[in-house]
Amino acid sequence: MKTISKLCCLALLFSTLSTTALKAQSTPGLYLTYLGNDGGPNFVNYWKNGQVVKLSDGKTFAEALDIAVLGDDEYVSGYVNNSEGEPVATYWKNGKGFVLTDGKTYAKAMAIAVSGSDVHVIGNNGSAAMYWKNGIATKMGEEITLTDIFVAGQDVYISGYKVDDNGDYEATYWKNGKTVKLTSANPGAEANGIAVSGTDVYVAGKAKDKAGVEIAVYWKNGKETLLANGTSAKAVSLSGNDVYFAGFERNAEAINVMVSWKNGQPTRLTDGKESAGVNAMAVSGQDVYLAGYLEGNATYWKNGKAVSLPNVVGHITGIFVK
């Protein structure tokens with residue numbers, strides 16, 4: 001989960017689209033993972049073309065955090081609490097669960113990508129950031145948060161951030177395990193999403209100005225570009241020659257407003273009357289999907305139109321469009 005020109009006079013460029021939440025409808029090739037926050041049992045669920053697929057029994061707390069699809073195979077990453085209440089990092093392939101950790105420490109499988117027969121998962125095991133390939137674990141280090149994974153051919157790219165010597169976050173990505181530091185003119189930089197096209201590596205993230213206000217940023221091949229003050233970029237996606245970023249802007253009333261950028265041109269997707277957030281995005285042809293929440297309800301946006309999942313108080317965590 002994912003512009004290019006320097007932006008000026010951003011406020012003049014924003015346009016507001018309808019944010020009326022519609023009843024969710026079946027969309028061919030649309031897969032979503034989501035969390036429910038209604039106080040009932042939490043299952044590992046995902047949404048497949050309008051149908052709910054349940055992966056856990058609900059006896060212990062569980063969450064689905066990301067999804068990937070390859071051919072007829074469907075993969076979900078997340079965790080299931082064991083009888084002692086510890087989250088156990090897990091992924092599922094076509095409904096069958098594969099446990100990644102031993103349940104002795106707090107562990108989650110945060111994101112998943114699939115290439116050929118290889119399944120790539122990132123997350124944590126206790127305080128250690130982890131990468132798993134086909135269930136084999138690699139420790140990425142301590143005081144590191146991994147946020148997204150992208151596989152291009154034989155190359156594996158992982159975005160995240162780590163704590164530097166001053167205690168500030170340092171935006172980082174890893175290519176095949178090698179650390180690439182993303183320099184920023186502002187402190188506290190985080191890398192939240194990554195996508196690759198050919199030799200070009202795009203990373204979405206945020207930093208903070210001297211007053212502590214968030215600034216949405218992106219890096220192309222390590223070069224930083226500021227998107228806008230008061231915003232945060234959460235995801236990046238590529239389609240042809242177009243580069244898309246998704247994030248949010250905090251308005252004067254401290255309400256989050258959904259924002260999408262296409263090649264540097266920003267568009268507001270919500271009007272700031274209802275709180276909204278984005279966790280993931282996907283682009284298929286000319287269709288742009290953002291996924292998150294709107295006023296507490298799990299919601300995705302297709303080309304600016306909000307669609308709420310029925311009876312799901314919570315948020316969407318992952319999206320895949322086939």
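Biologist: Which residues does Leu30 touch, not counting residues up to four places away in sequence?

Modeller: This is a predicted model, in which local features need pLDDT of at least 70, side-chain atom pairs count only at pLDDT 80 or more, and totals for chains, interfaces and linings use all residues. Residues are numbered from 1 along each chain as its sequence is written, and side-chain values use heavy atoms, with hydrogens and water left out. Contact means heavy atoms within 4.5 Å. On that basis, Leu30 touches Trp47, Lys48, Asn49, Tyr289, Tyr300, Ile319, Phe320 and Val321.

Biologist: Which residue forms a salt bridge with Glu74?

Modeller: A salt bridge is a side-chain nitrogen of Lys or Arg within 4 Å of a carboxyl oxygen of Asp or Glu. The closest N and O atoms of the pair are 2.8 Å apart. Glu74 lies in strand β6 (residues 73-81) and its partner in strand β3 (residues 45-48), 26 residues apart. The partner of Glu74 is Lys48.

Biologist: Is Glu74 buried or exposed?

Modeller: Buried means under 20% relative accessible area, exposed over 50%, and partly exposed in between (1.4 Å probe, protein chains only). Glu74 has a relative accessible area of 8%, and is therefore buried.

Biologist: Which residue pairs with Glu249 in a salt bridge?

Modeller: Glu249 is in strand β22 (residues 242-250), and the pair links distant parts of the chain. The closest N and O atoms are 3.0 Å apart, and the partner is Arg268.

Terms used. Helices (H or I, at least four residues) and strands (E, at least two) are DSSP runs, numbered from the N terminus.
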